[in-house]
Each structure stands twice: as C-alpha cells, then as structure tokens.
Amino acid sequence: MTTETKNHAVATEVAPNDPGSNNADSNNSDPKYRGRAFSKRAIVIVAILAACATLAIASGVRSRLKAETRLRESAQASAIPYVDVVSPKASTDADEIALPGSTSAFNDTPIYARTSGYVKHWYVDIGAHVKRGQLLATIETPELDQQLQQARADLENAEANLQLATTTAARWQHLLETDSVSHQETDQAVSDLHSKQALVNSSKANVERLQQLQAFERVSAPFDGVVTARNTDIGTLVQAGDNSGPKELFHIAAIQTLRVYVAVPEIYAALVKTGEQAKLTLDALPGETLTGTVVRNADAIDAASRTLNVEVDVANPTGRLLPGAYAFVHLRVPPHPGSVTIPSNALLFRAEGLRAGVVRNGHVELTPISIGQDYGSTVEVISGLSARDTVIVNPSDSLANGAAVQLIARNSNGARQ
C-alpha cells in the first residue's frame, strides 16, 4: 500500500468528527438531538415569561403600595383641621369709645302764674325765640287790684294814727318834765306810739306784697331761649297755689348751649378729665362731627348702673341741635404700653381663664391673656401676646392645647385660596 493510499484512509476515518463533513445532516435528523434542543428553547422561553410576570407583579405591588401611601398621607393631612389666623396689631395710637348720650337744653324751665286771674292776652307761641324780660302774657286780676287799694287805704289810716300818736307822746313827755303828768300816763303814750309804728310797718309790707303779686300779672321770660310749649289761651283761669298743682303756662329752653349727659362705664371712669375735648356725632346729622367740652362729672359711681354721669357741653349758636336728641360721645382711650389688639372672636373662655389660640410650629398653644379696653369688635390685650404671634380666629370650643393645625392659605389680596 502506498503512502497516499494510507493518508486517504486516515482522512476517511477522521471525517465523522469534522463539523463540515456530511455527517452533520445525519446528526440533526437524530430524534434525541432535536428533543434536547427543544427543551432548551422551552426553558429559556418559560424563564423569560416568568421574569416578565415577576416584573409585572412587582410593578403592580409597588404602584399599589405607593397609592396606599399617598392615600394614607392624604387621609392624615385631611384629619388636620384648617384654621384662620390673624396677627395682633400693636396699640400705638389712642383709641376711642362711643357712648350714647342724650342732649338737653342748658336751661329748661316751665313758666307758671304767680297770681290768680284770667289770661288777658298771650304774645308768643311755640318756636318763638324770646329774650330775657320779654313779655309772654298778661293776666287780669280784678280781686288783687281791689286788695291792693284796700291795703293802701289801711296804710294811710295807720300813718294818720301814727302821726297822732307821735304828737301825743311828745306832748306827754314835755309835760312830764314839769311833773304835770304821771310817769304811767307818759309811758302809755309812748307805748301807743310804738304800736302805731308797728301797724304802719305791717301795712307797708302788705302793700308791697300785693304790689309784687300785681307785678306777676305780666308773665315775662326769665332768660333767652325758645318757647317749646304753650298751655294757655285767652280767658283761661289760672290759680296760683292750686292744691292740684299749678298749671304750666309756657315752657322755655335755652339752646344756645346744649348739655349732653353720658353714662361712662366704671372701667373708663378714670379716663374722664374735666376740660378735655370730646367728639360728638348724631344720627340726625350723618357725616358731621361736633366738638364739645367735658365740663363736670358726678365724681361718684352710680350703684345701680355702675356708671359715672358725665356732662359734655356743646355750642349750638345756630340752633341746629335740638334738645332731647340722641347723640354719641367719643372719648379717647390711651393704650397700655406694649399692648396689642385682636378681634373679639379670637377669645377663648375656659374654666382656667381667658385664653387665645396661638399657632407655633404647626401646633396650638392655648396662651393665657389679660385684656384691657374693650372696643366692641376688637379688644386690647395687655399681656400674653405680641405682634409677632399668629392667633386663631373663631376657634372651636374643642380646640386642645398641642393639637396640630393647618393655616388657611390666602392670596396677596387677603382672600382665601
């Protein structure tokens, strides 16, 4: 055998292990080989599907957990109440209180008849402005006139008797010097003189009394003012000193200056200073402010109302203000040093005392406070708060110390968002 032949035989034996040889087709057609290849592919596919399912389940669980977390956080946030807050305002300027008062005339008096008779004539009616001494009415008193004439006649008789007694006493005293008469007779003459002198004095007083009564036939105004009432007419019978009470003829009020009486609460009584100016407003004069002067006060607290009666005088030269009108007196109230003001609806009335709900670090602190002046819609806080605090408005009665709260958001205009 030749060398070439041997090499060819060796090549023929090695060929089955060569991948490029034709024996590969015979291997692929082997059932065992095909089964193993299919099993590998199935395992890979199942593994991929399992991984995808695992990823899908994990993603769903993760999103569910996130949703539950968000829902829990939202529920917790919703459980925290929202509160409206304000910042206390520093009390730098003096404030004022408006107290109701009633105006009255500076002088207000009824005019009565001092003598009895019939009204002969009246000269003024309601609304008439009169001067002091001006004639208002005349009264006809015929009986009084006759009494005055009789009194004057009695006076003349008494003066005549006095003149005779004076002459007689002088004569008896002259005769006594020569012992022509006794001392007893002289003393009687002198005593009769004194008696006649007393009768003359009595008659003069009676005449003057009746003259005064006759002067009251002319009813005159006691001061400058305006007639606010006329309760008589011509021919009306007026009785002086009637048991049922004298009848008022006229009523006069002096309105050039009005008195305004105002009841100041005891807490503000120390703020009232005599001589200070006070502003007045009236519903009858909207938009106008008048200026009055505190002229006097009662210097005593009324035990029934716990108020101080204060008089404020206001000039009324034009007569625009009418007696009996309803007015408001504005008194200045100086603030306490370091005090602030808060709305009245921010106060909490608790058993342990007055409190205010202050928000600090998202939690409520029920702070004890002390109030000073009460201005109605606001109150002055003299201790417990500062202008840097945040105070809850309209707090709930169940608001607890340390409770978590959220602040209501507001825009730049102050409106709620």
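Me: Which residue lies over the face of Trp122?
Reply: In this predicted model, Arg230 lies over the face of Trp122, with 4.0 Å to the ring centre.

Me: And what sits over the ring of Phe106?
Reply: That is the charged end of Arg259, 3.7 Å from the centre of the Phe106 ring.

Me: How many aromatic pairs does the structure hold?
Reply: The structure holds one aromatic pair. Its rings belong to Tyr326 and Phe328, with centres 5.3 Å apart.

Me: Why is that pair edge-to-face?
Reply: The planes of the Tyr326 and Phe328 rings stand at 85 degrees. Planes over 60 degrees apart count as edge-to-face, so the pair falls in that class.

Me: Is Tyr326 buried, partly exposed or exposed?
Reply: Tyr326 is partly exposed, because its relative accessibility is 47%. Phe328, at 24% relative accessibility, also counts as partly exposed.

Me: Changing topic: in what order do the strands of the open sheet come?
Reply: The four strands follow the order β7-β6-β4-β9, and their pairing is antiparallel.

Me: Which strands stand at the edges?
Reply: The edges are β7 (218–220) and β9 (237–238). Each has a single partner strand, so one side of each has no neighbour in the sheet.

Me: How many bridges join β6 to β7?
Reply: Three bridges join β7 to strand β6, which covers residues 135–140. These two strands run antiparallel.

Me: What stands opposite Thr138?
Reply: Opposite Thr138 is Arg218, in β7.

Note on methods: Residues are numbered from 1 along each chain as its sequence is written. This is a predicted model: local features need pLDDT of at least 70, side-chain atom pairs count only at pLDDT 80 or more; totals for chains, interfaces and linings use all residues. Side-chain values use heavy atoms; hydrogens and water are left out. Rings of Phe, Tyr and Trp (its six-membered ring) pair if their centres lie within 6.5 Å; planes under 30 degrees apart count as stacked, over 60 as edge-to-face and the rest as tilted. Buried means under 20% relative accessible area, exposed over 50%, partly exposed in between (1.4 Å probe, protein chains only). A charge sits over a ring if NZ of Lys or CZ of Arg is within 6 Å of the ring centre and within 35 degrees of the ring normal. Two strands pair if DSSP finds at least two bridges between them.
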